[in-house]
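I opened my notebook to get to know a new structure.

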Amino acid sequence: MPTDPRPRREASADEAAALAFAAADSRTEPASPGPAAVTDASAHDLQAAREARIRRLLDFEAGWTSHGGAKARAIRAEFGWTTTRYYQVLDGVLETTEALRHDPMLVRRLLSLREGR
């Protein structure tokens, strides 16, 4: 079975917003552009932070069955998001190569569930 993600269809506004949200932590304020150019080190740090947020989201979804209780409350406590926003972000993250590299079985299972709807 190939490990490459499916070809992307035209992204909806929700998917674009979800990917942007996954790329930048909502709790941090956007950095104001300074006169200095972005260095390779800072670009690497941004990519590492993005991958960490993706892993955190996928680990939460994978371990959900072990949490018990109301998922909506756990989402609010863990991320500070509504359930709608959580699923928007999760849906956008499923299309990334970082997600597929982190947990291919979970990503394929969630994509399969999404295709079935």
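Before anything else, I noted what a helix is here: a DSSP run of H or I with at least four residues, numbered from the N terminus. I also wrote down that this is a predicted model.

**Entry: a loop residue.** I looked up Glu 95 and found it in the loop between helix H5 (83–93) and helix H6 (97–102). Is Glu 95 buried or exposed? Its relative accessibility is 16%, and buried means under 20%, so I put Glu 95 down as buried. I then checked its side chain, which makes a polar contact of 2.3 Å with the side chain of Arg 114.

Entry: In soluble globular proteins, nonpolar side chains tend to be buried together. I went to the largest nonpolar core and found 20 residues in it, with Leu 57, Leu 58 and Tyr 86 having the most contacts inside. Helix H2 (40–62), helix H4 (71–79), H5, H6 and helix H7 (104–116) each give two or more residues to this core. I followed up Tyr 86: leaving aside neighbours within four places in sequence, its contacts include Leu 57, Phe 60, Ile 75 and Trp 81.

Entry: Next I looked for open space, and the largest pocket holds about 280 Å³. Its lining has 13 residues, and the closest to the centre are Glu 61, Tyr 87, Leu 90, Leu 110 and Arg 117. Which helix gives the most to this lining? I found that H7 does, with four residues. By type, I noted seven nonpolar, one polar and five charged residues in the lining.

How values were computed. Residues are numbered from 1 along each chain as its sequence is written. This is a predicted model: local features need pLDDT of at least 70, side-chain atom pairs count only at pLDDT 80 or more; totals for chains, interfaces and linings use all residues. Side-chain values use heavy atoms; hydrogens and water are left out. Buried means under 20% relative accessible area, exposed over 50%, partly exposed in between (1.4 Å probe, protein chains only). A polar contact is a pair of N or O atoms within 3.5 Å; within protein, one must be able to donate a hydrogen and the other to accept it, and residues adjacent in sequence count only if both atoms are side-chain atoms. A nonpolar core is a set of buried Ala, Val, Leu, Ile, Met, Phe, Trp, Tyr and Cys residues joined through side-chain atoms within 4.5 Å. Contact means heavy atoms within 4.5 Å. On a 1 Å grid over the protein atoms alone, a cavity is a set of points where a 1.4 Å probe fits but cannot get out, and a pocket is an open set with protein on both sides within 12 Å along at least five of seven lines; lining residues have an atom within 4 Å of a point. Grid points are joined across faces, edges and corners, and a volume is the space filled by probe spheres set on the points. Ala, Val, Leu, Ile, Met, Phe, Trp, Tyr, Cys and Pro count as nonpolar, Asp, Glu, Lys and Arg as charged, and the others, Gly among them, as polar.
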